[in-house]
Amino acid sequence: AGVFEGNANGCLGVGMSLGAVAVSRAGFPTSEPRIRERSSSDSGDAASFSIHRNPPCAGPRSKVKLVPHMAELEVALPRTADETAPFVGREDKLERIHAAYQTVVGSGSSHAVTVIGAPGSGRTRLVQECLARLPSPETGGPRVYVARSRRQGLSYGVFARLLRARFDIGEELAPDEATERVRKEVARVLGHEKVDDVCFFLGQLMGISFPESPLTQAATDDPAQAQALRRSIVRRFLEADAARGPVVLFFDDLHLADADSLDLLGALIRNVEGPLLFIAAAGRELLGQREDWEARLAGKLEILELEPLTQEVASEMIRWMLRRSGGGVPDALVDAGVRAAGGNPGQLAQMVRSYLDAGVLEEDRASGLWRVNLERLGTVRLPMSVEDAVALRIAALSSTERRVLEHAAATGNVFWLGGLV
């Protein structure tokens, strides 16, 4: 996901490559917009986020911030069929996460919650919804830091992103400014000035260089000693940070995390003291990779598994997505979507996109409503997997839009419009 800045006349969806397509469709006659990620250089993944809503377009130089106390990344979706639906069907899980937070605050001790679900099941949305309902730090609420795992990430990649979020270090920050920012913040949190060794090990995780000392040289010569010292330092910093107010750490797509990150996270969940809530959202692969994940963290970890939505809830959700249908929402579209999605919220949204791609739904520009062509319902290709859904969206692009998409994917995380078109 990325951050969009530019002279836009409407709200645009920006999410790495697909965001570039949104830029190409809108056109910008007066200036070149920039797509920027607040992320670590090794992963290209942003560290903080705001919740998907349906905000009014903010006009020129718009940067929609919906949850200011949560962070700096505005994650937007193209505002078509899958505008974020009302949160339904997971209220019990939402309450359990909220209860875990209340326990952390009330007891002053740490706890962890892992949300397990299939792609599109809404595991990230569930956590985002919970975080959005927490009070701001100014009113006694937590500070929230977020890191998303990536496939084939570097060692400790998740913690690189998490710590860069904590210290507000983006790719655009010069190395000397990054080191000075880390040093000042570590000294402030720990309450003393002699923090060079702490900064060295935290900097290692973030890919930021600090001078070595005799202690760090001796430790790095022994991998086992370096690992133990690294864990101790991260733990000490988090505990000192939480002593200033509750902290929530959200690890998204944890099943993609590297082994070193999972080992460090497990050690922290077991040993950290203080008002910290660890939340992870992951696919079921995590439990296959770490069969003892729950057993090793017994007493400190709660696992929430997301089941498919009931037919009633799925029908309610897709009806909301189809609310722009002129003359009311046809039951045929609802029934076909619910059957194909199998209770998966993401698949429901993709079904509505498929209706648009197949011409079952056509937008009336004058009214903003959709004309319904039920005779075309038999031509809809059902996206039965996330890969199929992505392939359908790409296939629906024009040749120019696909070219922009390819250039965006090849260029990298930071680029200007002139580099694409």
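A nonpolar core is a set of buried Ala, Val, Leu, Ile, Met, Phe, Trp, Tyr and Cys residues joined through side-chain atoms within 4.5 Å. Keep that idea in mind as we walk through this model, which is predicted. The largest nonpolar core here has 55 residues, and the members that touch the most others are Val186, Leu202, Phe251, Leu254 and Phe278. Helix α6, residues 196–206, gives the most to this core, with seven residues.

Let us pick out one of those members, Val186. Setting aside neighbours within four places in sequence, Val186 is in contact with Phe167, Gly191, Val195, Val198, Cys199, Leu202 and Phe237. Apart from this core lies another, made of 24 residues, including Val313, Leu322, Val334 and Val360.

Now step back to the whole protein. The secondary structure comes to 16 helices and 10 strands. Of the 421 residues, 52% are buried. Among contacts between residues at least 6 apart in sequence, 71% join residues at least 24 apart.

Our next stop is helix α3, residues 123–132. Nine of its 10 residues are buried, so α3 is largely enclosed by the rest of the structure. The buried ones are Arg123, Thr124, Arg125, Leu126, Val127, Gln128, Glu129, Cys130 and Leu131. What lies over them? The cover includes helix α2 (91–107) and the strands β3 (111–116), β4 (143–148), β5 (247–252) and β6 (276–282).

Take a look at how α2 sits against α3. Two packed helices are described by the angle between their axes and the distance between the axes. For α2 and α3, the angle is about 55° and the axes are 10 Å apart. That angle makes α2 oblique to α3. The crossing of α2 past α3 is right-handed. On the α2 side, the contact is made by Lys93, Leu94, Ile97 and His98, and on the α3 side by Leu126, Val127, Glu129 and Cys130. Sorted by type, the residues of this contact are five nonpolar, one polar and two charged.

Helix α8, residues 223–242, packs with α9 at an angle of about 50°, and their axes are 10 Å apart. The two helices are therefore oblique to each other, and α8 passes α9 in a right-handed crossing. Which residues meet here? From α8 come Arg231, Val234, Arg235, Leu238 and Glu239, and from α9 come Asp263, Leu264, Ala267, Leu268 and Asn271. This contact divides into five nonpolar residues, one polar and four charged.

While you are at α9, find Gly266, which is part of this helix (residues 259–271). Is Gly266 buried or exposed? Its relative accessible area is 4%, and the cut-off for buried is under 20%, so Gly266 is buried. Leaving out residues up to four places away in sequence, Gly266 touches Trp293 and Leu297. Gly266 and Arg296 are 30 residues apart in sequence, while their C-alpha atoms are 8.3 Å apart in space.

The loops deserve a visit too. Asp168 lies in the loop between α4 (157–166) and α5 (175–190). Its phi is positive, about 55°, although Asp168 is not a glycine. Asp168 has a relative accessible area of 33%, so it is partly exposed. Asp253 also has a positive phi, near 55°, and is a residue other than glycine. You will find Asp253 in the loop between β5 and α9. With a relative accessibility of 17%, Asp253 counts as buried.

Our last stop is Leu309, in the loop between β7 (301–305) and α12 (311–321). Leu309 counts as buried, at 8% relative accessibility. Which residues surround it? Beyond neighbours within four places in sequence, Leu309 is in contact with Val88, Gly89, Arg90, Ala314, Met317, Gly343, Pro345 and Leu348. Along the chain, Leu309 and Asn344 are 35 residues apart, yet a separation of 6.5 Å is found between their C-alpha atoms.

Key: Residues are numbered from 1 along each chain as its sequence is written. This is a predicted model: local features need pLDDT of at least 70, side-chain atom pairs count only at pLDDT 80 or more; totals for chains, interfaces and linings use all residues. Side-chain values use heavy atoms; hydrogens and water are left out. Buried means under 20% relative accessible area, exposed over 50%, partly exposed in between (1.4 Å probe, protein chains only). Helices (H or I, at least four residues) and strands (E, at least two) are DSSP runs, numbered from the N terminus. Contact means heavy atoms within 4.5 Å. Axes are lines fitted to C-alpha atoms, for helices over the stretch in contact, and angles run from 0 to 180 degrees between N-to-C directions. Angles under 35 degrees count as roughly parallel, over 145 as roughly antiparallel, 65 to 115 as roughly perpendicular and the rest as oblique. A crossing is left-handed if the near helix is turned anticlockwise from the far one by less than a right angle, and right-handed if clockwise. Ala, Val, Leu, Ile, Met, Phe, Trp, Tyr, Cys and Pro count as nonpolar, Asp, Glu, Lys and Arg as charged, and the others, Gly among them, as polar.
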